[in-house]
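Q: Please take a close look at one loop here. Then set it in the context of the whole chain.

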Amino acid sequence: MKQMSHLDNIPSTPGKFKMDKSPFIHHHHGRLRWQWHSSLAKLTFWSFLFLGLIFLFFFRSPSSSSPLPSDPSRRSLRHTYSWGGPAWEKRVRSSARVRSRNGISVLVTGAAGFVGTHVSSALKRRGDGVLGLDNFNDYYDPSLKRARQALLERTGVFVVDGDINDSDLLKKLFEVVPFTHVMHLAAQAGVRYAMENPSSYVHSNIAGLVSLLEVCKEVNPQPAIVWASSSSVYGLNSKVPFSERDRTDQPASLYAATKKAGEEIAHTYNHIYGLSLTGLRFFTVYGPWGRPDMAYFFFTRDILKGKAISIFEAANHGTVARDFTYIDDIVKGCLAALDTAEKSTGSGGKKKGRAQLRVFNLGNTSPVPVSDLVSILERLLKVKAKRNIMKLPRNGDVQFTHANISLAQRELGYKPTTDLQTGLKKFVRWYLSYYSGGKKAAG
Ligand SMILES: O=C(O)[C@H]1O[C@H](OP(=O)(O)OP(=O)(O)OC[C@H]2O[C@@H](n3ccc(=O)[nH]c3=O)[C@H](O)[C@@H]2O)[C@H](O)[C@@H](O)[C@H]1O
């Protein structure tokens with residue numbers, strides 16, 4: 001059993017307890033001997049007693065469940081992960097077992113996240129082997145992540161409690177299962193939150209990505225990797241629709257900058273180690289089981305509560321719009337990216353030949369003004385919104401996004417079919433059912 005813990009809400013891996021290393025104990029006893037004991041026999045006696053107590057402490061601590069502190073106010077300060085052991089390995093193996101002919105085995109990071117949950121269950125349903133990994137951090141309500149986890153458990157997907165920065169854990173997972181693919185969706189999301197907690201973006205989107213790629217390049221066989229980039233990499237570009245060939249060197253938020261950095265890091269690992277890498281630039285994904293930090297989600301909550309919502313507007317009453325993309329369309333794009341991913345070419349940290357490196361826009365190709373989004377929600381919820389029109393704050397938001405998807409269409413057969421009205425209807429149905437106490441029944 002190994003444990004890792006971290007402080008505050010940055011998903012981290014600083015403290016590890018290892019039973020086999022005990023420099024502190026030796027040092028401590030050296031001091032004891034010097035201060036209090038002259039006889040060797042006494043020292044040996046006390047040493048054994050001390051070591052005995054330490055061993056007793058470790059062996060008695062629970063090995064299967066992560067002991068979350070019972071006081072909820074402490075929950076955000078401390079999160080203990082626990083993994084390892086034969087029973088745990090058996091669950092990992094069974095979850096990742098491929099059940100269809102030509103199926104793939106996929107490690108999905110961020111599996112208890114919005115997109116992660118949908119992709120994991122879609123893969124499982126078609127007979128692929130799927131293992132989830134998630135650190136269940138409290139960037140937004142972890143109980144929603146736990147509910148998604150419960151949903152996945154019911155479809156046979158095990159979500160391991162752990163962090164992508166824990167390379168011992170990643171190595172262990174690859175030891176237990178030789179994954180053919182990694183769907184890397186673990187990230188610190190959210191454009192505006194980057195000003196509040198910049199280091200969490202560096203930690204998850206940069207350090208976490210590198211930690212994952214370091215393990216992927218080393219294992220044999222190397223997996224093919226598909227991962228989530230973002231429409232925000234287009235930054236301040238004004239030429240629309242955004243095409244993959246357009247410049248992406250003027251990000252408007254640290255979030256966008258870390259996703260852009262991820263694309264460059266992907267290039268490096270592809271170039272040096274022959275890893276097959278596909279980045280997907282998601283355009284404002286929405287739908288059932290979505291993220292509560294996103295506007296469509298908290299607008300719904302606030303409209304129902306009768307609370308005023310802020311609707312951003314650009315200079316000179318300019319429209320702010322997004323190319324909102326429905327989750328089912330995104331899932332199809334993710335699966336197609338996995339299915340068309342070529343094998344990595346390296347092994348044991350050495351490149352053997354050129355490997356595939358791709359980037360695709362996954363959008364809806366029809367931007368909708370945020371004020372129209374609100375009107376649709378008003379109709380669906382049958383409640384009038386209290387609209388507070390505000391100037392677009394300078395905290396990372398761009399005025400509009402619009403995807404050119406012809407590359408994904410050609411290479412992945414990607415073709416979004418859900419308009420905002422239809423997709424929001426499904427979201428609202430889920431929202432009402434989930435938050436009306438029928439949390440377990442919500443599908
Ligand atoms: O495509 C992406 O890669 C990103 O998509 C998403 O970012 P955004 O497109 O900014 O979504 P979201 O916050 O829902 O704001 C939607 C609209 O509401 C406007 N907005 C927002 C808040 C508010 O109070 N008022 C308002 O008008 C706001 O100006 C915007 O026009 C993901 O969150 C992000 O993680 C990333 O994946």
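A: **One loop and its setting**

Asn 316 sits in the loop between E11 and strand E12 (321-322). Helices (H or I, at least four residues) and strands (E, at least two) are DSSP runs, numbered from the N terminus. Residues are numbered from 1 along each chain as its sequence is written. The model is predicted: local features need pLDDT of at least 70, side-chain atom pairs count only at pLDDT 80 or more, and totals for chains, interfaces and linings use all residues.

Asn 316 is not a glycine, yet its phi is positive, about 55 degrees. Most residues other than glycine have a negative phi, and most peptide bonds are trans. Is Asn 316 buried or exposed? It is exposed, because 5 other C-beta atoms lie within 10 Å. The cut-offs are these: buried means 20 or more other C-beta atoms within 10 Å of the residue's own, exposed means 12 or fewer, and partly exposed is in between, with C-beta atoms placed from the backbone.

Now step back to E11. This strand covers residues 309-313 and gives the most to the shell around the ligand, with three residues. The shell has 18 residues, and Ala 189, Ser 230, Met 294, Ala 295 and Phe 312 come nearest. A residue is near a molecule or strand if its C-beta atom, placed from the backbone, lies within 6 Å of it. By type, the shell holds ten nonpolar, six polar and two charged residues. Here Ala, Val, Leu, Ile, Met, Phe, Trp, Tyr, Cys and Pro count as nonpolar, Asp, Glu, Lys and Arg as charged, and the others, Gly among them, as polar.

Asn 102 is another non-glycine with a positive phi, about 60 degrees. It lies in the loop between helix H4 (86-95) and strand E4 (105-109). Asn 102 is exposed, because 8 other C-beta atoms lie within 10 Å.

Other loops hold cis peptide bonds. The bond from Asn 220 to Pro 221 is cis, with omega near 0 degrees. Pro 221 lies in the loop between helix H8 (198-218) and strand E8 (224-230). The bond from Val 240 to Pro 241 is also cis, with omega near -10 degrees. Pro 241 is in the loop between E8 and helix H9 (254-273).

Tyr 140 belongs to the loop between strand E5 (129-134) and helix H6 (142-154). It counts as partly exposed, because 19 C-beta neighbours lie inside 10 Å. Leaving out residues up to four places away in sequence, Tyr 140 touches Arg 291, Pro 292 and Asp 293. Two residues are in contact if their C-beta atoms, placed from the backbone, lie within 7 Å.

Finally, the whole chain. It has 14 helices and 16 strands. Of its 443 residues, 42% count as buried. Among contacts between residues at least 6 apart in sequence, 80% join residues at least 24 apart. The largest nonpolar core has 99 residues, and Val 106, Met 183, Val 226, Cys 334 and Leu 338 have the most contacts inside it. Such a core is a set of buried Ala, Val, Leu, Ile, Met, Phe, Trp, Tyr and Cys residues joined through C-beta atoms within 7 Å. Leu 338 touches Ile 104, Val 106, His 181, Met 183 and Val 226, not counting residues up to four places away in sequence.
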